[in-house]
Amino acid sequence: MLKEKLMEQLRNDNHYTIPKYVLTYAKDLNLDMNSLLLLIYLINNSSNPIFDYKGISKDINLNEEEFYNSITSLKEKKILSIEMVKNEAGILEEKINIDSFYDIIFSKMLEDKSTDEGNSDLFDLFEKEFGRTLSPMEYEIINSWVESKIDKGLIISALKEAVFNGVNNLRYIDKILYEWNKKGIKRTDDLDRKIKEEESKEDNTELYEYDWLNE
């Protein structure tokens, strides 16, 4: 009987939703668990932004210290602000404003869109050079290079190196990038300098005639 009552209570309790954009950018926001819980609560209760710390802390099971630490963390990260606003009776009330949180999310979405558009040209170049459509796994590998801050010009140079050697395999390109990184080649100008050094040793060897993987 008790189990049935508890199950009924669970079904009737309020359920909070976690927007996809919170999951997408949670790591970027660098929030601890309590602050993330508080943010999710505030998103779900944006229609009632009254700063009722006792009610809120009870709802998300935080003690007073945990609650104020979370509020402070969100304020320092410019995710929320607390404002004094007059209610209908003319009495000042503290209200929580999370508009700045949405500004942060909007900025990150714009950055991602810009990055995706920039990467689109890179994907197109790989498909053109390989003469085929990239697989989902290949898209992920190229994305991982970009996310690792590998210079795009260097990625393109590694692609040209692979194509010159008749290899349309991302593992081969990954090995080239790895070897270049070991040699301190971080950008295309580093590569140009290394090529010139090798040219002087190898009697004017052409750029893509040098075997980077078997030096």
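Predicted model: local features only at pLDDT ≥ 70, side-chain atom pairs only at ≥ 80, totals over all residues.

**Exercise 1. Find which helix has the lowest mean pLDDT among the elements of the chain, and which has the highest.**

Step 1: pLDDT is the predictor's confidence in each residue, from 0 to 100. Helices here are DSSP runs of H or I with at least four residues, strands are E runs of at least two, and both are numbered from the N terminus.

Step 2: Residues are numbered from 1 along each chain as its sequence is written, and side-chain values use heavy atoms, leaving out hydrogens and water.

**Exercise 2. Work out which residues of the largest nonpolar core touch the most other members.**

Step 1: Buried means under 20% relative accessible area, exposed means over 50%, and partly exposed is in between (1.4 Å probe, protein chains only).

Step 2: The largest core has 24 residues, and Leu38, Ile96 and Phe101 touch the most other members. Two or more residues come from each of helices H2 (20-29), H3 (33-44), H5 (64-76) and H6 (99-130). H3 gives the most, seven residues.

Step 3: There's also a second, separate core of 22 residues, with Leu122, Ile142, Ile173 and Trp180 among them.

**Exercise 3. Is Ile96 buried or exposed, and which residues does Ile96 touch?**

Step 1: Ile96 is part of strand S2 (residues 92-97). Its relative accessibility is 9%, so Ile96 counts as buried.

Step 2: Skip residues up to four places away in sequence, and Ile96 touches Leu42, Pro49, Phe51, Ile56, Ile71, Leu80 and Ser81. Contact here means heavy atoms within 4.5 Å.

Step 3: Now check Glu83, 13 residues from Ile96 along the chain: the two C-alpha atoms are 6.4 Å apart.

**Exercise 4. Check the span of helix H9 (residues 170-182), then look at its ends.**

Step 1: The expected span is 1.5 Å times one less than the number of residues. For the 13 residues of H9 that gives 18 Å, and the end C-alpha atoms are 18 Å apart, so the two agree.

Step 2: After H9 comes Gly184, with a positive phi near 80 degrees.

Step 3: The buried residues of H9 are Leu170, Tyr172, Ile173, Ile176, Leu177, Glu179 and Trp180.

**Exercise 5. Trace the salt bridges of Arg187.**

Step 1: A salt bridge needs a side-chain nitrogen of Lys or Arg within 4 Å of a carboxyl oxygen of Asp or Glu. The whole structure has six.

Step 2: Arg187 pairs with Asp189 at 3.4 Å and with Asp190 at 3.9 Å. Asp190 is buried at 9%, while Asp189 is partly exposed at 38%.

Step 3: Salt bridges link Arg187, Asp189, Asp190 and Arg193 into a network.

Technical notes. Core = buried A, V, L, I, M, F, W, Y, C linked by side-chain atoms within 4.5 Å.
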